[in-house]
Amino acid sequence: MHVSVALLLELGLILVVLGTLGTLARRLTLSPIPLYLLAGLALGEGSFLPLPAAGEFIRAAATIGLVLLLLALGLEFSIAEFAAGLRRHVPSAGVDLALNAPPGAVVGLLLGLDTVGVLALAGATFISSSGIVARVLTDLRRLGNRETPAVLSVLVLEDFAMAAFLPVLAVLASGGTWWQAVAGVLVAVGAVLAAFAASYRWGHHIGRIVSHPDAELLMLRILGITLVVAALAEYVHASAAVGAFLVGLTLTGETAERGRAVIAPLRDLFAAVFFVAIGVSVDPAALPPVLPAALALAVVTGFTKVLTGGYAASLDGVGRRGRLRAGTALIARGEFSIVIVGLVGVGHPVLAPLVAAYVFLLAVAGPFITRFIGLTRLRPAGAVR
Amino acid sequence: MDVNEVLLPGVGLRYEFTNHEGDHIGVVALRSGEFEVVVYDDDPDEGRPVFRLNEDEAETLAQILGAPRIAERFADLSREVPGLSSGWVRVPESSTFAGRPLGETRARTRTGASVVAIVRDDEVVASPGPGQLLRPGDVLVVIGTDEGIAGVNRILQG
């Protein structure tokens, strides 16, 4: 077998750099996502560090990363948790949508994006990063706090909104006439509902077919099925990512739990490459013009998320400081805003740099602000036992 | 004692209770198998982290806190109820049920005696379900009549 020295070396160097950046991010209790984007930016076209041999691999790995991100989102989903979130936090989800999607839509219209671009930008400003928020809450040891269930419920309901939104966006992005788009949207929404119904009624059967006591075989089966379904979905113009998400949705219970465990390291690897690839696709020269818009969006939607979280926490009877903690926890945007850009693709030259800059700002600022807000508590010395 | 259960979607579960000294205690059970213990003092909204345990440490702590009480309760039970005994039954290497689920022995249906715990090396599986796999060398804690316990023993020797 021919071994490509250049490929190994370039790929190895990329992973070493990502590993170093990741370590740095962990030390600062930050999300590594913005740093991965930066790394991609540095590797992009016309940059000082072109990596020709690894380019093909990065493109392929980024596709798999997108698929795995959505598979993991689907696996994460449990009907019981969704129902629990629904019972109490439907108003929060309404406030969330009403406050956070319009700023993106308005900026999209002002920048003269087409319908798909406007929708995509609205989605990108709406969706908080479940990954970053859950991580920050764990790192800051806030899981015991009273506002935390409200924050997590908002995230779950956002994920559900994504389940309906992503297929629709994917169909619209693939173009076609209006009736093709409508038919495609109906098919996409139908597929999501069918996956839900299947997981609800036959989840344990499906789980039994896929499940195997051996972790390696389980991983191969889940990955294999996911890639095949993703390919089929892409073939019928419904987006590979959505197909993967549907696979994740249909797996429930113990299979989903073990699936999460075996898929997580793969997802982390390929998702990192996906973020790099998005960074690569952004021309550094395209960044400065969109920076003002990104900054304005970040400030406005950071503020609207604070209101959203505060409102959700108030439904659970949380006090003023807890409401502020809940609000700031939700500021971070991350993987799914990037996923939306990945879905809409290269047809929108303004969108990718804008969202990359926007995510960069909020993925960095969000955890910092929520940590700072948490520190404002001055504990009387006597209270520490 | 009332234990309040709070769902943390995507993360795990939180149990909250107040002990006899009036301390408000929260235990977060993470999906990853780790645990976090917090105490609420002046602010009921904000838990003060006490400690975190990984899966092994949590299991060890549970055994330290729970194991003596399981044994004591069995002893109390058989003293209190006449005609009811508790006994130990070992799963021999040669048993046809070694490596198979507890449910397949149909022990309770056939003898009326219940397997309430399985002692495996230094760990205790409390209230095992029918799907619990039996391993050679497992010791089953059985509650029932003396005949029933003897019956479970006979089944497992087979």
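The model is predicted.

Start with chain A. Its secondary structure comes to 15 helices and 0 strands. The radius of gyration is 21 Å, close to the 21 Å that the globule rule gives for 385 residues, so chain A is as compact as a globular protein of that length. Along the principal axes, its C-alpha atoms fill a box of roughly 70 × 55 × 50 Å. Of the 385 residues, 51% count as buried. Contacts in chain A also reach across the sequence. Among those with a separation of 6 or more, 82% join residues 24 or more positions apart.

Now turn to the interface. Here 25 residues of chain B are in contact with 27 residues of chain A. The two chains bury about 2400 Å² between them. Carbon and sulfur atoms carry 44% of that area. On the chain B side, P9(B), R31(B) and D45(B) supply 28% of the area that chain B buries against chain A, more than any other three residues.

In a salt bridge, the side chain of D45(B) meets that of R146(A) at 2.9 Å, N to O.

Which strands of chain B each supply at least two residues of the side that touches chain A? They are β1 (4-8), β3 (24-30), β4 (35-40) and β5 (48-53). The largest share, 4 residues, comes from β4(B). By type, this side of chain B divides into 12 nonpolar, 2 polar and 11 charged residues.

Notes
Residues numbered from 1 in each chain as written. Chains lettered and ligands numbered in written order. Predicted model: local features only at pLDDT ≥ 70, side-chain atom pairs only at ≥ 80, totals over all residues. Heavy atoms only, no water. Contact = heavy atoms within 4.5 Å. Buried area = accessible area lost by both parts, 1.4 Å probe. Salt bridge = Lys/Arg side-chain N within 4 Å of Asp/Glu carboxyl O. Nonpolar A, V, L, I, M, F, W, Y, C, P; charged D, E, K, R; others polar. Rg over C-alpha atoms; globule rule 2.2 N^0.38 Å. Buried < 20%, exposed > 50% of the residue type's maximum accessible area, 1.4 Å probe, protein only.
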